[in-house]
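Colleague: Please put the model up. I have some questions about it.

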Amino acid sequence: MSTSTETNNRFKLRLRNAAQVVAVSTTRETFKKGAAMNTVAIIEDATVVVGLDGTVVAVARETELATQQWYCDAVFDDDVDARGKAVVPGLVDGHTHPVWAGDRVNEFEQKLAGATYMEIHLRGGGIGYTVAQTRAASEEALLELTMGRLDRMLAQGTTLVEAKSGYGLDADSELKLLRVLKRAKDAHAVAVSPTFLGAHSVPRGMSAADAAADVVHKQLPVVVAARDAGLVDVDNIDVFMEKGVFDYSQTDGILSAGKAAGLCLNFHGDELNHMQAAELGAKLGARAISHLEEISKDGIAAMATNNVFGVLLPTTAYVLRIAPPPAREMIDSGVPIALGSDFNPNAHCLSMPFVMNLAAVTMKMTLNEALVAATLNSAASLNKSDMHGSIEVGKWGNLVLIDSPLWTHLVYEMVDAPIAAVYVKGSLAKKNSK
Ligand SMILES: N=CN[C@@H](CCC(=O)O)C(=O)O
Ligand SMILES: [Zn+2]
């Protein structure tokens, strides 16, 4: 082979002859809704090639590729025999709270004994407890904790994660958390979509109205200035819209201010009580609303009409022993559904395969729907499905290699998903021992 051929035909990675490559999509659709959520593109006896720039250059049956001259002449920096294995896109976690110190294992015991989330919250535990621990922690300590959590997510197949601030609740502390997220984003293989969540709770001694005003007039301007100076990255703005936290008009005001600052609206709503969050999100042009356990029929219709993503979090209903959101009705009505782990001190879950299992068992989603919701649609809920969420030419070569010829083992095997390796932009990012 000549040098020039070698240069032109050198690639970063080949995963060859996989029993199944689950591309999810082959048409570059940005998301799926309705019946389409139950279809995933699968190519059997297939090969994926990733170029030196980290993007997919080919995904096809090995026999088809073998007829092409470029492929026969190609050299691969990493050449992996994937026979007997399946490949799915890197998983996308649509909702996490990864920057916090301390833990709440004591509250887990209280909840098991019957205390509700709001009872603990209103007596100063819950988010309030974590805010105190997180404010007291150094930026370096929080970075180390966050990096460790991203490592554990990566080992479970996650390659893109939405990540919230929200345990600072004042301008300086929220900025500290957003700086941690930027440093983690710049340093870690897992891609991060950061979210400003200064409105996660009402700080002790403040009214909700004063807290909402603080978010709009103090925190948000500081965050926007830091973003514009390149000190932090912020894609989305979030509010915990809930009875006893932020009401309809406070949430409207905070989200509207965030939208004016160029942020995507991606907020907590209709979780413990029906708050008309879905209706508000549709009115404001929100990209996504999370939780939705208490969504109304009108809210479902409004989200479907406006293509507002429902980010469903099956760990919440599981740990709080509440009814899960009406996923079936939402999908059948045309709401685009994504999934998230909701990793936080209340729901300590870093595993999207387990989330997919819970979605299938407790929310009656099919395995195909769970995969679409945990890949293409989660990426789309973050406006990132141009490069994430499916195995298609031109997208990042983010790939999960499964130690089974059937991809469905990823979900079936629950908390011990058989993930052999995870590739990010065509580079081996995590190899799991058997
Ligand atoms: N519901 C509000 N926020 C989180 C819980 C955060 C916490 O309890 O620390 C959630 O999505 O479940
Ligand atoms: Zn949350």
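Colleague: Which residues come nearest to ligand 1?
Modeller: This is a predicted model: local features need pLDDT of at least 70, side-chain atom pairs count only at pLDDT 80 or more, and totals for chains, interfaces and linings use all residues. Residues are numbered from 1 along each chain as its sequence is written, while chains are lettered from A and ligands numbered from 1 in the order in which they are written. A residue counts as near if its C-beta atom, placed from the backbone, lies within 6 Å. Of the 13 residues around ligand 1, the nearest are Ile127, Phe240, Asp342, Asn344 and Asn346.

Colleague: How do the residues of that shell around ligand 1 divide?
Modeller: Ala, Val, Leu, Ile, Met, Phe, Trp, Tyr, Cys and Pro count as nonpolar, Asp, Glu, Lys and Arg as charged, and the others, Gly among them, as polar. The shell around ligand 1 has four nonpolar, seven polar and two charged residues.

Colleague: Are α9 and α10 roughly parallel or antiparallel?
Modeller: Helices are DSSP runs (H or I, at least four residues), numbered from the N terminus. The axes, lines fitted to C-alpha atoms over the stretch in contact, with angles from 0 to 180 degrees between N-to-C directions, come within 10 Å and cross at roughly 5° for α9 (residues 208-228) and α10 (residues 248-260). Angles under 35 degrees count as roughly parallel, over 145 as roughly antiparallel, 65 to 115 as roughly perpendicular and the rest as oblique. Therefore α9 and α10 are roughly parallel.

Colleague: How many residues of α15 are buried?
Modeller: Buried requires 20 or more other C-beta atoms within 10 Å of the residue's own, all placed from the backbone. Met352, Phe354 and Leu358 are among the buried residues of α15. For helix α15 (residues 352-363), the count is 10 of 12.

Notes. Helices (H or I, at least four residues) and strands (E, at least two) are DSSP runs, numbered from the N terminus.
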